[in-house]
Amino acid sequence: MYDFAYHRPKSLSEAVGLLKGKDEARPMSGGMTLIPTLKQRLARPSDVVDLGGVKELAGIKVEGNNVVIGGMTRHAEVATSADVKNAIPALAYLAGHIGDPQVRNRGTMGGSVANNDPAADYPAAVVALNATVTTNTGKHAADSFFKGLFETALGEGELITSISFPKAEKAAYIKFPNPASRYAMVGVFVAKTASGVRVAVTGAGPCVFRVKAMEDALSKNFSSAAIKDIKIPADGLNSDIHGSAEYRAHLVGVMARRAVDAANK
Amino acid sequence: MTISVAMTVNGKSVSGKVEARTLLVQFLREHLGMTGTHVGCDTSQCGACVVHVDGKSIKSCTMLAVQAEGAKVTTIEGLAASADKLHPMQEAFRDNHALQCGFCTPGMVMSAIDMVKRHNYQLDEATVRRELEGNLCRCTGYHNIVKAILAAAPAMKSAGV
């Protein structure tokens, strides 16, 4: 790891101030991706701004029809929160299946969403539930937040403060984890909310994406039978030592059907 | 960048000067000389480096020492009540022959104690196996580790730890 200057702000405004004007400053939430990246010398930030001391960024609350989760809320807290389990059990299930227990004790929702790893779980929930990402400078709709491989709509010095998830009438997340890393080879989040049915896929492509054909079919008939003949094109999907694009395309269909069945239970 | 760091390790206040990039596991092993916590893979996969920070199990190879400023850290060295009285989880590992080479054992024991507490001393085999996702053992095939954890859960409850 290259050395860097370390900062531990106590408030959001202090954190934003520390990031400002430094080209190579990086915010750090749980560090579950950033620290391994630094260890491999794949990044060389001049400054690391640790958000671990910013209390105002952590916590879960229910506001009307939405569950609002602070950016620094750890996966373990989301997985075990009575509020999340009650309002959106699929979201608690997703959080409880990220990495392993030790990673869930450190990793945060905001960090995962801001990083936008193609195999991360949370982006599928954000898109399928049509969540709103709130930052220190404004709000982003789910559909315009995830831009591509590790790319989001976040600007320089922009930090996720919270994510607001609308409650779902029905929802489920099913993933096929890589047997070694537990990252999603393919994960599908299916949700029926006030804004309609959404199907969001992670792990399969460079970035989370929706499957319109499945959404249309499920809007008419919310059953796994309704999507059994929908084929996902392999074009542009990830192909690596763990699985070909064709394999992943096939898995999208299987995971989507299992998710619909789970949502109907 | 050199930073002063202070924390509580196994009930004792400790401090030292570290680089910002010093990992918690390096601080424990190289600065404090507490080599019970192991570095296995150094990539947050294997769990040999698991310690408790403020009561939660974490991988100390993926946390900076400065992030533990002010925290209460417990390592494998801090479990036994005395030189001749092991923690019930350590005792259960010994009774069930839950180790061969022993390299993964400190992390296994630390993860197992956190697991038992989070599940309120009530565990079944499937839960133990799933919860061990973050700890790798290359000798035992896990069978005796699972047996040890299932045996330790009631023992920890009756011992009040």
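Two strands count as paired if DSSP finds at least two bridges between them. I start from that cut-off, and I note that the model is predicted.

**Entry 1: the parallel sheet of chain A**

I looked up the three-stranded sheet first. Its order is β1-β3-β2 (chain A), it is open, and its pairing is parallel. I find β1 (5–7) and β2 (25–28) of chain A at the edges, each pairing on one side only. From one strand to the next I read an average twist of 20 degrees.

I then checked the pairing of β1(A) with strand β3 (residues 47–50) of chain A, and three bridges join these parallel strands. Across this pair, H7(A) stands opposite V49(A) in β3(A). Helix α1 (residues 12–19) of chain A packs on the sheet and touches β1, β2 and β3 of chain A. I noted the direction of helix α1 of chain A as making about 150 degrees with that of β2(A).

**Entry 2: around β5 of chain A**

I went on to strand β5 (residues 66–70) of chain A, where four of the five residues are buried. Strand β4 (residues 60–63) of chain A pairs with β5(A) in the antiparallel sense over four bridges. The two strands make a hairpin with two residues between them. In the turn I looked at G64(A), which has a positive phi of about 60 degrees.

Which strand is joined to β5(A) by five bridges? I find strand β10 (residues 160–166) of chain A, running antiparallel to β5(A). I followed V68(A) in both pairings: K61(A) has V68(A) as its bridge partner in β5(A), and V68(A) stands opposite S164(A) in β10(A).

**Entry 3: the four-stranded sheet of chain A**

Next I traced an open sheet in the order β11-β12-β13-β14 (chain A), with antiparallel pairing. Why is one side of β11 (170–177) and of β14 (209–210) of chain A left without a neighbour in the sheet? Both stand at the edges and each has a single partner strand, so one side of each has no neighbour there.

Inside the sheet I counted seven bridges between strand β12 (residues 184–193) and strand β13 (residues 196–202) of chain A, an antiparallel pair. One bridge I looked up has F189(A) partnered by A200(A) in β13(A).

Helix α9 (residues 212–220) of chain A packs on this sheet, touching β13 and β14 of chain A, and its direction makes about 150 degrees with that of β13(A). Helix α10 (residues 245–263) of chain A also packs on the sheet, touching β11, β12 and β13 of chain A. For helix α10 of chain A I noted about 40 degrees to the direction of β12(A).

**Entry 4: chain B**

I turned to chain B and listed five helices and five strands. From the N terminus on, the elements run β-β-α-β-β-β-α-α-α-α. The radius of gyration of chain B is 15 Å, close to the 15 Å that the globule rule gives for 161 residues, so chain B is as compact as a globular protein of that length. I read the C-alpha trace as spanning about 45 × 30 × 25 Å along its principal axes. Of the 161 residues in chain B, 47% are buried. Among contacts between residues at least 6 apart in sequence in chain B, 62% join residues at least 24 apart.

**Entry 5: where the chains touch**

Last, I looked up the interface: 22 residues of chain B are in contact with 19 residues of chain A. On the chain B side, β4 (56–59) and α3 (105–118) each supply at least two residues. I find that β4(B) gives the most, with four residues. By class, this side of chain B divides into eight nonpolar, eight polar and six charged residues.

Methods
Residues are numbered from 1 along each chain as its sequence is written. Chains are lettered from A and ligands numbered from 1 in the order in which they are written. This is a predicted model: local features need pLDDT of at least 70, side-chain atom pairs count only at pLDDT 80 or more; totals for chains, interfaces and linings use all residues. Two residues are in contact if their C-beta atoms, placed from the backbone, lie within 7 Å. Axes are lines fitted to C-alpha atoms, for helices over the stretch in contact, and angles run from 0 to 180 degrees between N-to-C directions. Ala, Val, Leu, Ile, Met, Phe, Trp, Tyr, Cys and Pro count as nonpolar, Asp, Glu, Lys and Arg as charged, and the others, Gly among them, as polar. The radius of gyration is taken over C-alpha atoms; the globule rule is 2.2 Å times the number of residues to the power 0.38. A residue is buried if 20 or more other C-beta atoms lie within 10 Å of its own, exposed if 12 or fewer, and partly exposed in between; C-beta atoms are placed from the backbone.
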